[in-house]
Structures are given as structure tokens and as C-alpha cells.
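Subject: Structure for you to look at

Hello,

Here is the structure I promised. Please open it alongside this email and follow the notes below.

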Amino acid sequence: MDYIKFIKFLRYDFERSNKKYPTIKFFRSDLILIFIWFWSLEKMYAKKNVFIEELIDEIPKGFGSRPTILKFINYAIKKKHMLKISDLKDKRKFNLIPSEQTIKEFEDWAKGYKGF
């Protein structure tokens, strides 16, 4: 792999994609948000439920406290980048799913990584 080419591509991507994709910029602004973003997209593409409590348990403890993680989840919901949906089987549980805009921007952004 040409690492210099890859690094230049990443640097260019950060400059360009933050302007072009608001959800990408939002999720890349903090390590906890990156984890929420990737984890929820991974579960969505695997057609699995993303329960908020399960997500909190999956985030490494060194990333932040439970209240901090909940703050970021609620902020993503408030910005409409994530949706909080009551589970059909257990009304005490909530699913966290990426919004249509988040999914579309992720898929458009990911096309830039072909070949790496």
C-alpha cells in the first residue's frame, strides 16, 4: 500500500467531507460519536436491533461515563442524525437507528474509499 497516498487521501477527505456531509462532520467530532455511528450502522446493515442499553455496554469504559454516552446519544437524536424508536416487543427498550440522511451520507462518503 502507498501510505503517503493514503494519508493524503484521508487528509483531503476530512477537509472535503466535513463540508459536504453534515452527519459525517457531526459523528467525527468525538470518539464516542464515532463509536455510536459505526456501531449503529453495523447493526443496521446486519439487520439487528440496536438497543441503547446494549450500545452503552459496548462502548469501552475509558471512552466516557454512562451519563456522557447518554448525552451524546441524546444529542444525535436531537440533531435528527439518529432516531429513538420504541421496541415493538418490549416497550421498555428503545432502538437507536441511523436517520435516512445519516445512511445516505455514509454510503456516499464510503464510495470514496474504493481501492483502499
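Is Phe6 buried, partly exposed or exposed? Phe6 has a relative accessible area of 21%, so it counts as partly exposed. The cut-off matters here: buried means under 20%. Keep in mind that this is a predicted model.

**The start of the chain**

Phe6 sits in helix α1. Helix α1 covers residues 3-20, and Tyr3 belongs to it too. Tyr3 has a relative accessible area of 57%. Exposed means over 50%, so Tyr3 is exposed.

Now go back to Phe6 and find Ala110. The two are 104 residues apart along the chain. Their C-alpha atoms are separated by 14 Å.

**Two lysines with positive phi**

Look at Lys47 next. Its phi is near 60 degrees, a positive value in a residue other than glycine. Lys47 lies in the loop between α3 (31-45) and α4 (52-58). Lys47 is exposed, because its relative accessibility is 76%.

Then move on to Lys80. Lys80 is not a glycine either, yet its phi is positive, at about 70 degrees. Its place is the loop between α5 (66-78) and β1 (82-86). With a relative accessible area of 60%, Lys80 is exposed.

Best wishes

Conventions: Residues are numbered from 1 along each chain as its sequence is written. This is a predicted model: local features need pLDDT of at least 70, side-chain atom pairs count only at pLDDT 80 or more; totals for chains, interfaces and linings use all residues. Side-chain values use heavy atoms; hydrogens and water are left out. Helices (H or I, at least four residues) and strands (E, at least two) are DSSP runs, numbered from the N terminus. Buried means under 20% relative accessible area, exposed over 50%, partly exposed in between (1.4 Å probe, protein chains only).
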